[in-house]
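I opened this model to see how its chain is put together and where its annotated residues sit. My entries follow in the order in which I looked things up.

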Amino acid sequence: SIYSRIIATGSALPERVVSNADLEKIVDTSDEWIRSRTGIRQRHIAAEGQTTGDLAFLAAQRALEAAGVKASELDLIVVGTTTPDIIFPSTACLVQHRLGANGCAAFDVNAACSGFMYALGIADKFIKSGQSKKVLVIGAETLTRMIDWNERETCVLFGDGAGAVVLEASGEPGIHATCMHADGGYKELLWNPVGVSAGFRDEPNHGVRIKMAGREVFKVAVKTLDSLVDETLQAAGMHESDIDWLIPHQANLRIIEATAKRLQMPMDRVIVTVDQHANTSSGSVPLALDYAVRSGKVQRGQNLLLEAFGGGFTWASALLRY
Ligand code: ACO
């Protein structure tokens, strides 16, 4: 049977770093509050004019280079993003043209913070079905463009960035299992309430802003991720002790710690980048994966559990042999 395998990773972060101390000058907050509630110390913020597609392109170039794969060899590009450059063409199409992969299938997936995990699950199915051989999967966001910098409850939580992986068809696993879920009943706990069809508002940033009931999101996220890891282990026919690394969505260190506890994994087997990147939504898991690979933590042959939870709500995972 055919499996999909990650052959290389890449990532990109904007140059500008904004520390918690910098935010203290803008809103009534403190480094102490931000670190103790979330684990975040700093975030990267895109320069004016720097788009999601720019970051996605850089991350993709780095992943292709590490893979030794030419853009022209790709037969599919999937981008997980909730902050596309423009409404259409999709960011995947914009990146495809810049890479010179013209002609292959390309589309975006919007599953909020779970965007990359959804994109990876979809790409895995394309390879398993025999439809695709080499796929570029990207998670990229400029979420800070949605932030109301007067609102301390949300502005301290997010950053910008992108990560990418090159997937290839292989006779060996590879991805053992992926899981995907959504519950639209939770729409109003974490959302951005305007858009093309619903209309924009006569408000700052046309009403584009993240609205979040933090405490409720936290509770549902922890509970949902617990059952997601159970389901993923079962789907892969594995046990907690088979997992070498947990690479979770980087929204909040306390959520990450809760999932690690459920898996009986010590924190030194968990990749944490939320302190450096904050929550980059769809960018977070592939950024953390690329960091883990390039720092030499994750080694070939190890089993990785990737998971994310976000607006929708959506939640998704993958258990794979790297
Ligand atoms: N600085 C200082 N004080 C603040 C700040 C801030 N930046 N933000 C809120 N506060 C205050 C509140 O006003 C409140 O004050 P009050 O007690 O006088 O009313 C107090 O801090 C406590 O607020 P809570 O919201 O109850 O704090 P909590 O401990 O729940 O932490 C947080 C908030 C960090 C948002 C947490 O709930 C959380 O992480 N939730 C998960 C949601 C999440 O991760 N969202 C990211 C996007 S979703 C995703 O990717 C999963």
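**Whole chain**

I began with contacts, two residues being in contact if their C-beta atoms, placed from the backbone, lie within 7 Å. Among contacts in the protein chain between residues at least 6 apart in sequence, 77% join residues at least 24 apart.

I note that this is a predicted model, where local features need pLDDT of at least 70, side-chain atom pairs count only at pLDDT 80 or more, and totals for chains, interfaces and linings use all residues. Residues are numbered from 1 along each chain as its sequence is written.

I looked up the secondary structure and found ten helices and 13 strands in the protein chain. Helices (H or I, at least four residues) and strands (E, at least two) are DSSP runs, numbered from the N terminus.

I then checked burial: of the 322 residues in the protein chain, 50% are buried. A residue is buried if 20 or more other C-beta atoms lie within 10 Å of its own, exposed if 12 or fewer, and partly exposed in between, with C-beta atoms placed from the backbone.

For extent, I have a C-alpha trace spanning about 55 × 45 × 35 Å along its principal axes.

**Annotated site**

Which residues does the "active site" annotation cover? The unreviewed UniProt entry gives Cys113, His249 and Asn279. They span 167 residues in sequence, yet no two of their C-alpha atoms are more than 8.7 Å apart, so they gather at one spot. UniProt positions are in the numbering used here, feature names are shortened, and annotations may be inferred rather than shown by experiment.

I found Cys113 in the loop between β5 (105–109) and α5 (115–128). Cys113 is buried, because 32 other C-beta atoms lie within 10 Å. Leaving aside neighbours within four places in sequence, its contacts include His249, Ala251, Phe309 and Gly310.

I found Asn279 in the loop between α9 (274–277) and α10 (284–294). Asn279 also counts as buried, with 23 C-beta neighbours inside 10 Å. Among the residues it touches, not counting those up to four places away in sequence, are Leu157, Phe158, Gln250 and Ala251.

**A strand residue**

Is Ala164 buried or exposed? Ala164 is buried, with 35 other C-beta atoms within 10 Å. I located Ala164 in strand β7 (residues 160–170). Beyond four places in sequence, Ala164 touches residues including Thr9, Ala59, Leu136 and Pro286. From Ala164 to Gly100 I noted 64 residues in sequence and 16 Å in space, C-alpha to C-alpha.
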